[in-house]
Amino acid sequence: MNTKEKNMYRLYKARTSHLKWVNNIKLLVSGFSIDKKQLTPIAQDSDFGEWFYNEAKQFAQFNSKNVLDEMEILLDEMYNIFTKIYAIYFAKEKGSLKTFLGFKDTASKYEVEFASRCYEDIVVLSDKFKNRFGVLERQLLALGDTKHDAVKVFESEEEELLRKSIPVDEISDNYYHGPRSH
C-alpha cells in the first residue's frame, strides 16, 4: 500500500468517524444511553479531530487550504452547538441531592426539546461539512504520489518496523502485551 492509498484510507476512516459522531448524537438526543467517551465536547480529542488537525491540515500546503479552512469553521460550529447538548446530558452535577438519594438525574422536557433543535442544526452543518469533505477527497485523489509522500504522518510502531524490514519477533520480546504480559 503506497502513501497515497494510506492517506485515502485514513480519509475514509475519518469520514466514517464523523458519521458515527453525528449518529451517536442522534441516539443520545433520542433518549438512548451513549457512553460519554464516544462523544467528546472538544473537536481535537475526537477520532475525526485527531485526523483533521494532525494529518489533513498538512495538505494545506498544496491546493486544499481553502477547503480545509471552510471545514474547520464548520467543525467549530458543530462542536460549539454540541457543547450545549453535552452540557444537558453529561455535565450534570454528580454530587447533587437527587443522585445522593438514588434518583436518576435526567434531562427535563425543555432540555430534550432544546437538544433536539441543536441536533437538527448539527445535521444541517454536517451536510455542508460532508460536501466540503467530498471536495477535499477529490483534491487529494488528484494529487500525485510525490505530494502524498511529502505529507509526514506519524506511523504506528508496526508500520515503522515493516518499513525498516526488521522482523517484529526480534523486537516484540522487549515489550509486554496486555495485563498478563506474555
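Mentor: The answer below starts with the chain as a whole, then turns to one helix and its surroundings.

This is a predicted model, in which local features need pLDDT of at least 70 and side-chain atom pairs count only at pLDDT 80 or more, while totals for chains, interfaces and linings use all residues. Residues are numbered from 1 along each chain as its sequence is written, and side-chain values use heavy atoms, with hydrogens and water left out.

The chain has 8 helices and 0 strands, where helices (H or I, at least four residues) and strands (E, at least two) are DSSP runs numbered from the N terminus. Of its 182 residues, 33% count as buried; buried means under 20% relative accessible area, exposed over 50%, and partly exposed in between, with a 1.4 Å probe and protein chains only. Contacts here are heavy atoms within 4.5 Å. Among the contacts in the chain with a separation of 6 or more, 73% join residues 24 or more positions apart.

The part to look at is helix α3, which covers residues 65-89. Begin with M78, which is found in this helix. M78 counts as buried, at 0% relative accessibility. Leaving aside neighbours within four places in sequence, M78 is in contact with H18, W21, I122, L125, S126 and F129. Between M78 and F129 there are 51 residues in sequence, but 9.4 Å in space, C-alpha to C-alpha.

F129 also belongs to a cluster, in which ring pairs link F48, W51, F52, Y53, F129 and F133. A ring pair here means rings of Phe, Tyr and Trp (its six-membered ring) whose centres lie within 6.5 Å; planes under 30 degrees apart count as stacked, over 60 as edge-to-face and the rest as tilted. By this rule the count comes to 13 aromatic pairs. One of them joins F82 and Y86: their ring centres are 5.9 Å apart and their planes are at 65°, so the pair is edge-to-face. Both residues lie in α3, 4 residues apart, about one turn of the helix. F82 and Y86 are buried. Y86 pairs again with F90, with ring centres 5.1 Å apart and planes at 50°, so that pair is tilted. Y86 and F90 are both buried as well.

F82 has another neighbour in T40. T40 lies in the loop between α1 and α2 and is buried, with a relative accessible area of 17%. Apart from neighbours within four places in sequence, T40 is in contact with W21, D45, S46, Y79 and F82.

T83 is partly exposed, with a relative accessible area of 34%. In sequence T83 and P41 are 42 residues apart, and in space they are 5.5 Å apart, C-alpha to C-alpha. R117 lies in helix α5 (residues 109-142) and is partly exposed, with a relative accessible area of 46%.

A pocket is an open set of points on a 1 Å grid over the protein atoms alone, where a 1.4 Å probe fits, with protein on both sides within 12 Å along at least five of seven lines; lining residues have an atom within 4 Å of a point. The largest pocket has a volume of about 530 Å³, a volume being the space filled by probe spheres set on the points, which are joined across faces, edges and corners. α1 (3-29), α2 (47-54) and α3 each supply at least two residues of its lining, and the largest share, 9 residues, comes from α1. The lining has 23 residues, of which K13, S17, S46, D47 and F48 lie nearest the centre of the pocket.

Last comes confidence. pLDDT is the predictor's confidence in each residue, from 0 to 100. The mean pLDDT of the chain is 80, and 75% of its residues reach 70 or more. Over residues 97-103 pLDDT stays under 50, and residues 171-178 also stay under 50. Where pLDDT is low, the predicted coordinates should not be read in detail.
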